[in-house]
Amino acid sequence: QAIQQWLDQQGCYPPNESPAEYSFYAEKAYPIPKDRQQYFQRLITGKQPSVGYHILCYLAQIGMVKSVWTTNFDSLMVTACYKNNITPVEISIDTRDRISSIFPSSELPCIALHGDYKFGPMKNTERELDCQESIFKDALRRYIQSHNCFWI
């Protein structure tokens, strides 16, 4: 609380619990995108999917989950799919055309809204998120309008 109070007094930082906090501090700490990418890679290395990821796989296997849309860029959902004998279809900015495909029940589209630190640029600063490609936004909009979606 003391740190937040000091930040608030400076007048140049986002207020506590502001939607802008994450992107603001990510860019402040690592203004160079490659440095940000390496930071997140270090955080993710060696991590295993939690029970929640495995439950999502089970729900996909019984037909209750048809796709996973995530702001995470840790690939833990993809790892969980492989561990549960599901073929993940990774979709991100670079492969956005896949989003319009029809997938068999043995495949689970895993849509990375912020990119993936391993294969391309992440989208985690406000400027990067604002530049999210319109094709990807349109695909997301169409998908949401044509499917039953649950938000967790």
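Student: Is F40 buried or exposed?
Tutor: F40 counts as buried, because its relative accessibility is 11%. Buried means under 20% relative accessible area, exposed means over 50%, and partly exposed is in between (1.4 Å probe, protein chains only). This is a predicted model: local features need pLDDT of at least 70, side-chain atom pairs count only at pLDDT 80 or more, and totals for chains, interfaces and linings use all residues. Residues are numbered from 1 along each chain as its sequence is written, and side-chain values use heavy atoms, with hydrogens and water left out.

Student: How much of the chain is buried?
Tutor: Of its 152 residues, 38% count as buried.

Student: What elements does the chain have, and how many?
Tutor: Seven helices and three strands. Helices (H or I, at least four residues) and strands (E, at least two) are DSSP runs, numbered from the N terminus. From that end the order is α-α-α-α-β-α-β-β-α-α.

Student: New topic. How many aromatic pairs are there?
Tutor: Six. Rings of Phe, Tyr and Trp (its six-membered ring) pair if their centres lie within 6.5 Å; planes under 30 degrees apart count as stacked, over 60 as edge-to-face and the rest as tilted.

Student: Why is the pair of W6 and Y13 tilted?
Tutor: Their planes are at 40°, so the pair is tilted. The ring centres are 6.3 Å apart. W6 is partly exposed, at 45% relative accessible area. Y13 is partly exposed too, with 27%.

Student: What kind of pair do Y39 and F40 form?
Tutor: Edge-to-face, with 5.2 Å centre to centre and 70° between the planes. Y39 is partly exposed, at 28%.

Student: Where does P14 lie?
Tutor: In the loop between α1 (2-10) and α2 (21-29). P14 is buried, with a relative accessible area of 9%.

Student: What is P14 in contact with?
Tutor: Leaving aside neighbours within four places in sequence, P14 is in contact with Q4, A20, E21, F24 and Y25. Contact means heavy atoms within 4.5 Å. P14 and Q4 are 10 residues apart in sequence and 9.8 Å apart in space, C-alpha to C-alpha.

Student: And M64, buried or exposed?
Tutor: M64 counts as exposed, because its relative accessibility is 55%. You'll find M64 in the loop between α4 (51-61) and β1 (68-70).
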